[in-house]
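I opened my notebook for a structure that is new to me. I want to look up a few things and write each one down.

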Amino acid sequence: MADVESMARAVDFIEAHLQEPIGVGEMALAVSYSLYHFCRTFSRLTGHTPYDYLMRRRIAEAARTLWQTDHKIIDVALMYQFNNPETFSRAFKRVLGWQPQQWRRQARIGPRQLMPPLTLTHLRHWQRCAWRPVVEQRPALSFVGAMTWLPAETADPAPAWAWLRRELGDAAPGPFYGLTCGAADGAPDVTCLAAVADSGALAAGRALVVKSLPPLTWGIVTHRGPAGDFGLTLDYLYHTWLPQTDYRPAWPGYLESYGPTPGRSAAEESAWEVAVPLVRG
Amino acid sequence: MKARLVEMPALWLVGFDFFGDPFRSHGGWSAENEIGRLWQRWMNYLETAPSSLDAVKEMAVMYEVHIYHPETLQTGELEVFTGVEVAQVQVMELPLEVVVKRVPGGRYAVFTLTGEEIVSDWLWQLDTEWLPALGVQRLATHSFQRYDARFKGMDRIAESELDVYIPLAS
């Protein structure tokens with residue numbers, strides 16, 4: 001069995017034992033690897049050390065339980081194998097940026113707050129994308145485009161692209177950009193700007209909007225694969241890569257640079273750049 | 001894979017040391033993971049300050065020791081040491097950044113890995129096939145790899161050979 005399938009099985013093993021006292025040694029044994037080779041292979045293919053993955057997923061599921069139930073915090077901590085409330089609170093704050101008591105009081109769980117379980121589909125996407133994330137300062141940017149509201153970030157923004165095409169015609173052949181902005185309160189709906197780079201002149205006499213971004217630090221990866229896999233790229237950016245950096249998102253959103261093709265392509269071999277605005281801390 | 005059983009005295013090694021998950025930053029055989037960085041730091045040190053290690057027995061032979069701590073099975077964290085053997089340890093004269101490691105003597109199984117075997121999961125094979133075939137049990141305390149002229153580098157792995165030493169229960 002190939003390493004990627006074995007590591008997906010290891011993830012399944014972890015997911016099935018989040019509430020049990022398992023260690024990395026047992027994970028390795030479950031997929032017939034030596035501890036050392038398992039740690040090396042798991043890190044290479046998932047982007048997490050096995051222990052880091054276990055702890056992050058325990059915190060994610062503990063957070064969900066806290067929000068959905070009235071269980072006492074100490075009971076949830078013990079359920080997810082944290083020996084005492086202090087250890088639990090420290091880990092909780094480190095992963096989610098909230099104390100458990102504060103977390104419980106929030107109105108909703110935001111779409112990118114809790115790390116989802118990794119799957120074989122994630123790991124195959126990780127391999128195809130061969131991530132090489134970079135952090136880069138970029139100057140101010142200005143766009144002209146059509147803005148639309150979407151019920152979720154994975155919804156199809158095709159109407160915005162059709163609108164942009166209709167308004168621009170041949171006036172701007174690209175490159176094309178997609179700017180997605182989420183709500184600060186964690187609501188699942190987003191606004192999406194289908195755009196071209198322009199100082200604003202193109203907007204004159206057209207039913208389009210102008211959007212400017214100040215100079216920013218961006219975390220950038222290349223998404224490879226069809227539009228349907230884009231959520232997997234966001235999972236990597238927000239739950240695997242960002243937590244291992246000194247950065248956090250500056251605001252809930254991201255900028256996609258498609259090149260000469262407007263919007264996300266459904267083609268298997270497509271590729272485009274995704275950039276998340278970052279601040280330190 | 002060739003195997004032999006040896007009785008060996010304790011080894012005195014000097015070098016650099018790391019404790020933690022060596023694959024936190026990069027998995028696989030990347031030179032950017034903590035073991036790769038440990039080796040780079042150690043080799044750079046040897047190039048710039050070889051005169052401070054005049055008791056080295058054989059500069060062309062390097063050791064990588066893995067030491068398993070109580071938390072290793074729980075978290076995957078272990079101690080990794082890279083260094084060279086010295087004839088005698090004059091601790092007081094060692095540079096501040098260099099540490100000493102005494103590898104216990106005793107009975108060891110020595111396996112010679114060749115080519116792609118080096119980057120395979122040889123430890124699993126060792127536990128499930130090789131050691132049972134020899135009728136011996138290993139100690140889960142440490143193991144070490146001895147790199148000499150037969151090891152040509154990760155970029156020439158097909159031409160390389162590497163000896164791994166596994167301590168055995170008496």
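My entries follow, starting with the model itself.

**Ground rules.** I am reading a predicted model, where local features need pLDDT of at least 70, side-chain atom pairs count only at pLDDT 80 or more, and totals for chains, interfaces and linings use all residues. Residues are numbered from 1 along each chain as its sequence is written, while chains are lettered from A and ligands numbered from 1 in the order in which they are written.

**Confidence.** I checked the scores. The predictor gives an ipTM of 0.86 and a pTM of 0.90 for the complex. For chain B I noted an average pLDDT of 89, with 91% of the residues scoring at least 70. (pLDDT is the predictor's confidence in each residue, from 0 to 100.)

**Where the chains meet.** I looked up how many residues of chain A are in contact with chain B. The entry reads 18 residues of chain A and 13 residues of chain B. (Contact means that the C-beta atoms of two residues, placed from the backbone, lie within 7 Å.) On the chain A side, helix H2 (24-30), helix H3 (35-46) and helix H4 (50-68) each give two or more residues. (Helices are DSSP runs of H or I with at least four residues, strands are E runs of at least two, and both are numbered from the N terminus.) H3(A) provides the largest share, nine residues. By class, I find eight nonpolar, eight polar and two charged residues on that side of chain A. (Ala, Val, Leu, Ile, Met, Phe, Trp, Tyr, Cys and Pro count as nonpolar; Asp, Glu, Lys and Arg as charged; the others, Gly among them, as polar.)

**H1 and H3 of chain A.** Next I turned to helix packing. Helix H1 (residues 3-16) of chain A packs on H3(A) at an angle of about 95°, with the axes 10 Å apart. (Axes are lines fitted to C-alpha atoms, for helices over the stretch in contact, and angles run from 0 to 180 degrees between N-to-C directions.) That makes H1(A) roughly perpendicular to H3(A). (Under 35 degrees counts as roughly parallel, over 145 as roughly antiparallel, 65 to 115 as roughly perpendicular and the rest as oblique.) From H1(A), Asp3(A), Val4(A), Met7(A) and Ala10(A) meet Thr41(A), Phe42(A), Leu45(A) and Thr46(A) of H3(A). I sorted these residues into five nonpolar, two polar and one charged.

**H4 and H6 of chain A.** H4(A) packs with helix H6 (residues 85-96) of chain A at about 95°, axes 10 Å apart. This pair is therefore roughly perpendicular. H4(A) brings Met55(A), Arg56(A), Ile59(A) and Ala63(A), and H6(A) brings Ala91(A), Phe92(A), Val95(A) and Leu96(A). I list seven nonpolar residues, no polar and one charged here.

**Loops of chain A.** Ser32(A) sits in the loop between H2 and H3 of chain A. Its phi is positive, about 60°, although Ser32(A) is not a glycine. I also found a cis peptide bond from Gly174(A) to Pro175(A), with omega near 0°. Pro175(A) belongs to the loop between helix H9 (158-168) and strand S3 (176-182) of chain A.

**A bent helix in chain B.** Where does H3(B) bend? I place the bend, about 35°, at Thr128(B), and Pro132(B) follows within four residues. (The bend at a residue is the angle between axes fitted to the seven residues ending there and the seven starting there.) Just after H3(B), Gly135(B) takes a positive phi of about 75°.
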